[in-house]
Amino acid sequence: MLSEHYLSDDQDPKTAEKVLGKLGDMLTSGEAVIYLAIQKKPAVTLIPDCIAVTNKRIVCCIPENLGLTTHYIIFTWAEVKEVFFKEAFFSSKIVIIPKKGENTSIDYIPKVQARKLFQFCNEQIEKHKSIPSGPKTASVNKNLDEDYDSYIEIKDENNPLVSTDMEDELTQKLKKLKILFEKQLISQEEYERKKADILSQL
């Protein structure tokens with residue numbers, strides 16, 4: 001039986017039943033579907049795209065080959081940086097921004113469904129932010145304009161960051177900046193900008 005929970009905002013019943021049936025075979029232990037949004041174009045949408053939110057992942061279901069196959073774009077919540085929506089006159093466009101890789105978007109999502117999808121997605125993103133991802137090797141402050149001495153703490157025997165009487169404060173900052181860049185913790189643009197800031201103090 002298809003739960004009415006997934007049809008509370010005028011989702012197409014046949015599409016919802018089909019998508020939930022496929023998702024049921026993909027769910028892992030302890031995973032459950034929280035919400036389902038279904039595309040609705042101004043013209044008749046025979047094979048709409050869908051977005052499903054579970055407590056572990058966000059799944060975009062995109063039919064291909066006249067609905068004979070489905071392309072799934074799946075992100076775990078740990079992989080998602082942000083989810084937002086843009087409202088148009090009749091509907092909304094959902095945009096998923098991952099921490100790595102290209103953005104994924106699906107348009108013509110009904111406004112009510114888009115708002116609820118946004119709400120559920122951000123609840124899951126916030127929830128998974130509080131889950132530790134493992135031991136940290138560096139403590140990074142992303143504001144490059146703050147005091148650089150507190151920008152990063154790295155324990156590296158080959159590149160000790162211990163100041164000596166022979167090295168002044170600016171030299172130490174340049175060394176720290178170089179280590180950040182070599183460890184790919186900052187971009188080339190950030191490296192060049194901060195380096196220029198430090199050298200301007202000479």
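1. A word on terms before the tour: a residue is called buried under 20% relative accessible area, exposed over 50%, and partly exposed in between, using a 1.4 Å probe and protein chains only. With that in hand, Lys40 counts as exposed, at 56% relative accessibility. Lys40 belongs to the loop between S1 and S2. Its C-alpha atom is separated by 8.8 Å from that of Gln11, 29 residues apart along the chain.

2. Please keep in mind that this is a predicted model, where local features need pLDDT of at least 70 and side-chain atom pairs count only at pLDDT 80 or more, while totals for chains, interfaces and linings use all residues. Residues are numbered from 1 along each chain as its sequence is written, and side-chain values use heavy atoms, with hydrogens and water left out.

3. Now the overall layout. The protein chain has four helices and nine strands, where helices (H or I, at least four residues) and strands (E, at least two) are DSSP runs numbered from the N terminus. Along the sequence, the pattern reads α-β-β-β-β-β-β-β-α-β-β-α-α. Of its 202 residues, 34% count as buried. The accessible surface of the chain comes to about 13300 Å², and 52% of this belongs to carbon and sulfur atoms; such areas come from the Shrake-Rupley method with a 1.4 Å probe, and for residues only the protein chains shown count as cover.

4. On contacts, meaning heavy atoms within 4.5 Å, take the pairs of residues at least 6 apart in sequence: 43% of these contacts join residues at least 24 apart. Thr104 sits in strand S7 (residues 104-109) and counts as buried at 9% relative accessibility. Leaving aside residues up to four places away in sequence, Thr104 touches Cys60, Ile73, Phe75, Ile94, Val95 and Ile96.

5. Thr15, Ala16, Val19, Leu20 and Leu23 are the buried residues of H1. They cover an arc of only 120° around the axis, which puts them on the same side of H1; the arc is that of the directions from the helix axis to the C-beta atoms. These buried residues pack against S1, S2 and strand S3 (57-64). The face turned away from the buried side carries the exposed residues Lys14, Glu17 and Lys18.

6. Helix H3 (residues 169-182) passes the length check too. Its 14 residues should span 20 Å at 1.5 Å a residue, and the end C-alpha atoms are 20 Å apart, which agrees. Buried in H3 are Leu170, Gln172, Lys173, Lys176, Leu177, Ile179 and Leu180.

7. Another bridge runs between Arg115 and Glu87, at 2.7 Å for the closest N and O atoms. Arg115 lies in helix H2 (residues 111-129) and Glu87 in strand S5 (residues 80-87), so the pair ties together parts 28 residues apart in sequence. Arg115 is partly exposed, at 41% relative accessible area, and Glu87 is partly exposed at 40%.

8. Being three residues apart in H2, they are separated by about one helical turn. Lys129 counts as exposed at 57% relative accessibility, whereas Glu126 counts as partly exposed at 48%.

9. Finally, a surface feature: Val44, Leu46, Ile47 and Leu66 form a nonpolar patch with about 500 Å² of accessible area together. Patches are made of residues with over 30% relative accessible area and no salt bridge, like charges being joined within 9 Å and nonpolar side chains (Val, Leu, Ile, Met, Phe, Trp, Tyr) within 5 Å. Val44 is found in the loop between strand S1 (33-38) and strand S2 (50-54), and is exposed with a relative accessible area of 71%.

Definitions and conventions: Expected span 1.5 Å × (residues − 1). Salt bridge = Lys/Arg side-chain N within 4 Å of Asp/Glu carboxyl O.
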